Amino acid sequence: MNDNEKLWDHLTRMRRIRALEEKIAQLRAENQIVGSVHLCNGQEAIYVGACAALDLTRDAVFPTYRGHGWAVACGVPPRAILAELLGRSTGISGGRGGSAYFTAPEYGFFGENSIVGAGAPIATGAALAATFDGSGRVSVASFGDGALNQGAVHEAMNFAAIRSLPVIFIVENNSYSELTPISAMVKVDQLFRRANAYGMPGARVDGNDPAAVADAVAQAVARARRGKGPVLLELITQRLVGHYIGDVQHYRPEGELDEVSKVEPIVRLEQKLIGLGRTREELDELHASVQNEIETAAAEALADELAPTDTVLEHLYA
Ligand SMILES: Cc1ncc(C[n+]2csc(CCOP(=O)(O)OP(=O)(O)O)c2C)c(N)n1
Ligand SMILES: [Mg+2]
């Protein structure tokens, strides 16, 4: 693939994630989907860029509750994600995981998690296992800016560094932790500099540019596969929606959403592709075809059977 084709592929995947999130928002508003849902609109370039640099036949991604985009980027079919959120037995986790807890290890997607920061020690454990099993696997722990203040994340980064484990810590810095700006929580605004404290490299990357993300993650992966240990990547992005569906976002300064909408990753990538010779018609066609794909997936998932209630306790360990 040349650069133009690669960017087109990134755009297709980012559009697929956005269309899925928009459909999920609609299904939640209609109460077809119930419960708490966290969307990733605006952060798509991170998932698409990072997954382009991974070998998902052996690498493992550990996302958060805001994980639908990671799942799509890992290759989980949107239809299986929609069926999952709709509580259908055809869902990727049998309709038992829902929006925040589904898992698809066969795609390298090792489970969402609603405990802020909890993916970091799990990913570090998977990286430790990789040093024994000869798989060459690299683990990716992805979490938010707020999660960087969790004790478990510090412990995981320190352990990974001292053992030189093949794990990449990705901070999706969307500048908010629920309703609180990161500037109200930490004195140091360059979060990647915390890597120094553990003796690992850290870098800040434009998280709204999939090519920049892919480059940074590819370097980190190559380093980790050589046995050189972890890296902390701070990817700067914005979420274009509330923390959860229903969040009225009163905490946002006036005009902020308008500003971030101008630099959001899909708009930017489309402008770049036009500069490379693509036409507005081609871009609109892509948009329509991806939306159509998601509409079909949703219609099919809605027609599936609900997961049976008599098996609700299966696979439950307590
Ligand atoms: C251990 C723990 N503490 C608090 C919460 C409540 N909580 C849910 S999401 C969230 C914000 C996390 O912000 P960030 O890590 O920046 O991720 P983002 O939601 O922005 O993707 C908090 C505090 C939780 N789920 N788990
Ligand atoms: Mg955040």
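Predicted model: local features only at pLDDT ≥ 70, side-chain atom pairs only at ≥ 80, totals over all residues.
Local features here need pLDDT of at least 70, side-chain atom pairs count only at pLDDT 80 or more, and totals for chains, interfaces and linings use all residues. Residues are numbered from 1 along each chain as its sequence is written, while chains are lettered from A and ligands numbered from 1 in the order in which they are written.

**The sheet**

Let's start with the strands. Helices (H or I, at least four residues) and strands (E, at least two) are DSSP runs, numbered from the N terminus. An open sheet is formed by 5 strands with parallel pairing, in the order β1-β2-β3-β7-β6; two strands pair if DSSP finds at least two bridges between them. At the edges stand β1 (60-62) and β6 (202-206), each with a single partner strand, so one side of each has no neighbour in the sheet. On average, neighbouring strands are turned by 20° against each other, direction ignored.

How many bridges join β1 to β2? There are 3, and the two strands run parallel. A60 has S139 in β2 as its bridge partner. Helix α6 (residues 119-133) packs on this sheet and touches β1, β2 and β3 (167-173). The direction of α6 makes about 175° with that of β2. Such angles run from 0 to 180 degrees between N-to-C directions, and axes are lines fitted to C-alpha atoms, for helices over the stretch in contact.

| Helix pair | Angle | Axes |
|---|---|---|
| α1 (residues 3-29) and α12 (residues 280-303) | about 45° | 9 Å apart |
| α2 (residues 44-52) and α9 (residues 210-225) | roughly 40° | within 7 Å |
| α4 (residues 78-85) and α12 | about 45° | 9 Å apart |

Angles under 35 degrees count as roughly parallel, over 145 as roughly antiparallel, 65 to 115 as roughly perpendicular and the rest as oblique. By that rule, α1 and α12 are oblique to each other. The crossing of α1 with α12 is right-handed, a term for the near helix being turned clockwise from the far one by less than a right angle. Residues are in contact if their C-beta atoms, placed from the backbone, lie within 7 Å. On the α1 side, the residues that meet α12 include L11, R15 and L27, and those of α12 include L286, V290 and A298. By class, this contact has 8 nonpolar, 3 polar and 3 charged residues. Here Ala, Val, Leu, Ile, Met, Phe, Trp, Tyr, Cys and Pro count as nonpolar, Asp, Glu, Lys and Arg as charged, and the others, Gly among them, as polar.

Helix α2 is oblique to α9 and passes α9 in a right-handed crossing. A45, I46, V48, G49, A50 and A52 of α2 make the contact with P210, A211, V213, A214 and V217 of α9. Their classes are 10 nonpolar, 1 polar and no charged.

Helix α4 is also oblique to α12, again with a right-handed crossing. P78, R79, L82 and A83 of α4 touch I294, A297, A298, E300 and A301 of α12. This contact divides into 7 nonpolar, no polar and 2 charged residues.

**Around ligand 1**

Which residues come nearest to ligand 1? Of the 15 around ligand 1, they are V116, G144, G146, A147 and S177; a residue counts as near if its C-beta atom, placed from the backbone, lies within 6 Å. The shell holds 5 nonpolar, 6 polar and 4 charged residues.

Note on methods:
Contact = placed C-beta atoms within 7 Å.
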